[in-house]
Amino acid sequence: WSFRGVYGGSVDPTIHCDGTADIFNGISLFDDVNFYAPQALGPGNPNTWYFGTDKLYRSINRADTATVASQSFGVEPISAIAISPQDDNVRVVGLSGGEVFATTTGSRALLQIAGAGATNGTTNTPAAGVGRIAIDPNNEAVAYLCFNGFGTSGSPIAHVWKTTNLTAINVRSGIVIFTPASTGLPDIPANAIVIDPVT
């Protein structure tokens, strides 16, 4: 099968069994990226495709080409991506250090909505890698963050956090409020969450 992305040297012109050749799609070989790079699909037909390195990439053609859809986050790579099933412009990314950034307008300038130094959100979420993010499929104002890491017996980490006002960042100086939502869960890394679309 042909390859989409980037590798060292020039692109291999060999026609593969799917009838196409490799394509360098715009993702930089020099980005910082986690070993298991996060990917997500947005709504649409065909679906938009998102890929996380130290910046967010977006493709509207099955990764044949990918364009940068966020600012660079420096040497801290994206560890989780969520796109609203209702609106491709609603995007949330979490970083390996615990910071969370979002846009609800499709802007390339994502605002920090959680983590130390957040200017548009909650600053006391855990300073641990973001394991998963989910946006409610029926309400784009509702989102969940899941964090990795461990606390101590005296100060355990709340690994799941919830907001009901993600769209507050649409308002000038809007603040997104996250509150712990992991009552009853143990202090262990959380790297998966599913929202029941019926309830």
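The model is predicted. Its largest nonpolar core has 21 residues, and an open sheet of four strands runs in the order β11-β12-β13-β14. Thr163, which lies in strand β13, is treated separately at the end.

**Nonpolar cores**

- Within the largest nonpolar core, which has 21 residues, those with the most contacts inside it are Val92, Ile113, Leu145 and Leu166.
- Two or more residues of this core come from each of the elements β7 (78-83), β9 (100-103), β10 (111-114), β11 (130-135) and β12 (143-147).
- Apart from this core lies another, of 12 residues, which has Tyr50, Ile78, Ile83 and Leu95 among them.
- Leaving aside residues up to four places away in sequence, Leu166 touches Val90, Val92, Ala102, Thr104 and Ile113, and also Glu140, Ala141, Ala143 and Val176.
- In soluble globular proteins, nonpolar side chains tend to be buried together.

- Strand β8 (residues 91-95) pairs with β9 in the antiparallel sense over four bridges, and Gly94 has Val100 in β9 as its bridge partner.
- These two strands, β8 and β9, form a hairpin with four residues between them, and Gly98 in the turn has a positive phi of about 105°.
- On to β10, the pairing of β9 is likewise antiparallel, over three bridges, with Leu111 in β10 as the bridge partner of Ala102.

**The four-stranded open sheet**

- The order β11-β12-β13-β14 comes with antiparallel pairing, and the edge strands are β11 and β14 (179-180), each of which pairs on one side only.
- Between strand β13 (residues 160-163) and β14 the antiparallel pairing extends over two bridges, and Lys162 has Thr179 in β14 as its bridge partner.

- Thr163 counts as buried because its relative accessible area is 0%, whereas the cut-off for a buried residue is under 20%.
- The side chain of Thr163 makes a polar contact with the side chain of Asn165 (2.8 Å), and the side chain of Thr163 also reaches the backbone oxygen of Ile177 at 2.9 Å.
- Not counting residues up to four places away in sequence, Thr163 touches Ala141, Val142 and Ala143, together with Val176, Ile177 and Phe178.

How values were computed:
Residues numbered from 1 in each chain as written. Predicted model: local features only at pLDDT ≥ 70, side-chain atom pairs only at ≥ 80, totals over all residues. Heavy atoms only, no water. Core = buried A, V, L, I, M, F, W, Y, C linked by side-chain atoms within 4.5 Å. Buried < 20%, exposed > 50% of the residue type's maximum accessible area, 1.4 Å probe, protein only. Contact = heavy atoms within 4.5 Å. Pairing = 2+ DSSP bridges. Polar contact = N/O pair within 3.5 Å; in protein donor to acceptor, adjacent residues only side chain to side chain.
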